[in-house]
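Here is a friendly walk through a structure that may be new to you. Please keep the 3D view open as you read the numbered points.

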Amino acid sequence: MYKLLILVSVLFCSHFTAQAQFSDFEHDGTTRQYLYYEPADLNEQMPLVIVMHGFTGDANSIRNYSEMNQFADQYGFAVCYPRGTVDSYGDRFWNVGYAFHDNETVDDVGFLTELTEYLQITHGLNPDYTFATGMSNGGEMCYMLACQAYDTFKAVAPVAGMILQDILDECDNSPPIPLFEIHGSQDNVTPISGDPNNNDGWGAYPSIPFTINYFSDKNECTTVVTETLPDTDTSDGSYVLSEKHLNGINNNEVWYYEVVGGGHDWPGAWGNMDIKAGEEAWLFFQKYIDDILSTSNFEALEKSILVFPNPTSNLIRFESSTEVEIQEVILYNTLGTTIKAKFINESIDLTNLNTGIYLLNIKTSKGIITKKIVKN
């Protein structure tokens, strides 16, 4: 198993030779290193994506094969590639608690959290829009961050990763965050069926479908939508099944892309070529940002519209702030039948209506809101 991983690492390092300048960061008395890239046009949300390499890999290699710098240019987010430390076997790693790492004590959750906060401060990045993705061991670090550093990382997107049972056992009390896993059905390093008895030596871990369902339940998702993505490259021997768990708490979502026929791969770099894993991860993070902004805008719109008195026996009045123009007001009953409509910013007389609940639909220059009205 280890020979396979080392061979994969050597092959990718030979293909991607472009080097970048590392920066130093002191943590727990150890000098850690990272690569940082910020596009010329950082978008107004000022987001940051942490990208973590796999076991025996390195920051520079995942910087190249993930193409995250190119996606950062395209979508306007900052990206950081931290380096794991070297274990007693001479392999670079993230300390998620592998069975053969029982003597390792490095605190990578602390390092990644402090590094992220440092980057947010020094580069003016938005702490509400900080995310993590990673390959294999880096993906497993994503799961650990989801359970232990949820205040810092708002969503994670592991690729070919798993969650060790020890981490999962301690995750129940953490709040839910959105999660997106991309995993090959024929992954022979991190099998999709899991390894509950630790036959492979990494440590016990559940199957990927179990893990997705765990996080779906944790996020209280109520809807599952599945589809087969377009098989744009029929020569790669694989295709992608999309499974999206939607309508969770805080509008959170849990996504799962099963690469049918895929191995222990970063799609778009090797293996499946129908998708690019780095871009898919960003689009998932962007969906989170859009949902947050949409919710914030709706809450702001609601606060800008005043409807009073409520309950009422006669007139219901509506006013708006100077920034919002009311364009149309329609009163419905609970069956959806229109009772009255107004095109002015004044009031509606409910005197002749039966007592009960009505819905006031208010169309404004900033959007549409609906308020429940009680006629007494």
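1. Let us begin with Ile326, which sits in strand 15 (residues 326-333); helices (H or I, at least four residues) and strands (E, at least two) are DSSP runs, numbered from the N terminus. Ile326 counts as buried because its relative accessibility is 7%, where buried means under 20% relative accessible area, exposed over 50%, and partly exposed in between (1.4 Å probe, protein chains only). Between Ile326 and Ile362 there are 36 residues of sequence separation, yet their C-alpha atoms are 7.0 Å apart.

2. A word on what you are looking at. This is a predicted model, in which local features need pLDDT of at least 70 and side-chain atom pairs count only at pLDDT 80 or more, while totals for chains, interfaces and linings use all residues. Residues are numbered from 1 along each chain as its sequence is written, and side-chain values use heavy atoms, with hydrogens and water left out.

3. Now the overall picture. The chain has eight helices and 19 strands, and its C-alpha trace spans about 80 × 40 × 40 Å along the principal axes. Of its 376 residues, 53% are buried. Taking contacts (heavy atoms within 4.5 Å) with a separation of 6 or more, 65% join residues 24 or more positions apart.

4. Next, the empty spaces. Rolling a probe the size of a water molecule over the atoms shows where empty space is left. On a 1 Å grid over the protein atoms alone, a cavity is a set of points where a 1.4 Å probe fits but cannot get out; a pocket is an open set with protein on both sides within 12 Å along at least five of seven lines; lining residues have an atom within 4 Å of a point. Grid points are joined across faces, edges and corners, and a volume is the space filled by probe spheres set on the points. The whole structure holds four cavities of 30 Å³ or more.

5. Which residues line the second largest cavity? They are Pro178, Asn250, Asn251, Asn252, Glu253, Phe284, Lys287, Tyr288 and Asp291, around a volume of about 70 Å³. By class, this lining has three nonpolar, three polar and three charged residues (Ala, Val, Leu, Ile, Met, Phe, Trp, Tyr, Cys and Pro count as nonpolar, Asp, Glu, Lys and Arg as charged, and the others, Gly among them, as polar).

6. Asp291, one of those lining residues, belongs to helix 8 (residues 277-304). Is Asp291 buried or exposed? With 16% relative accessibility, Asp291 counts as buried. Its side chain makes a polar contact of 2.8 Å with the side chain of Lys287; such a contact is a pair of N or O atoms within 3.5 Å, and within protein one must be able to donate a hydrogen and the other to accept it, with residues adjacent in sequence counting only if both atoms are side-chain atoms. Beyond its neighbours within four places in sequence, Asp291 is in contact with Asn251 and Glu253.

7. The largest pocket has a volume of about 250 Å³. It is lined by 14 residues, of which Pro176, Asn250, Asn252, Tyr288 and Ile292 are the closest to its centre. Its lining has seven nonpolar, five polar and two charged residues.

8. Asn252 deserves a look of its own. Asn252 lies in the loop between strand 11 (239-246) and strand 12, and counts as buried at 5% relative accessibility. Setting aside neighbours within four places in sequence, Asn252 has contacts that include Pro176, Pro178, Cys221 and His245.

9. Finally, the aromatic rings. Rings of Phe, Tyr and Trp (its six-membered ring) pair if their centres lie within 6.5 Å; planes under 30 degrees apart count as stacked, over 60 as edge-to-face and the rest as tilted. The count by this rule is 23 aromatic pairs. Phe180 and Tyr257 pair edge-to-face, at 4.8 Å centre to centre and 80 degrees between the planes. Phe180 is in strand 9 (residues 179-184) and Tyr257 in strand 12 (residues 254-260), so this pair ties together parts 77 residues apart in sequence. Both Phe180 and Tyr257 are buried. Phe284 and Phe285 form a tilted pair, with 6.1 Å between centres and 55 degrees between planes. Ring pairs link Phe131, Phe180, Trp255, Tyr257, Phe284, Phe285 and Tyr288 into a cluster.
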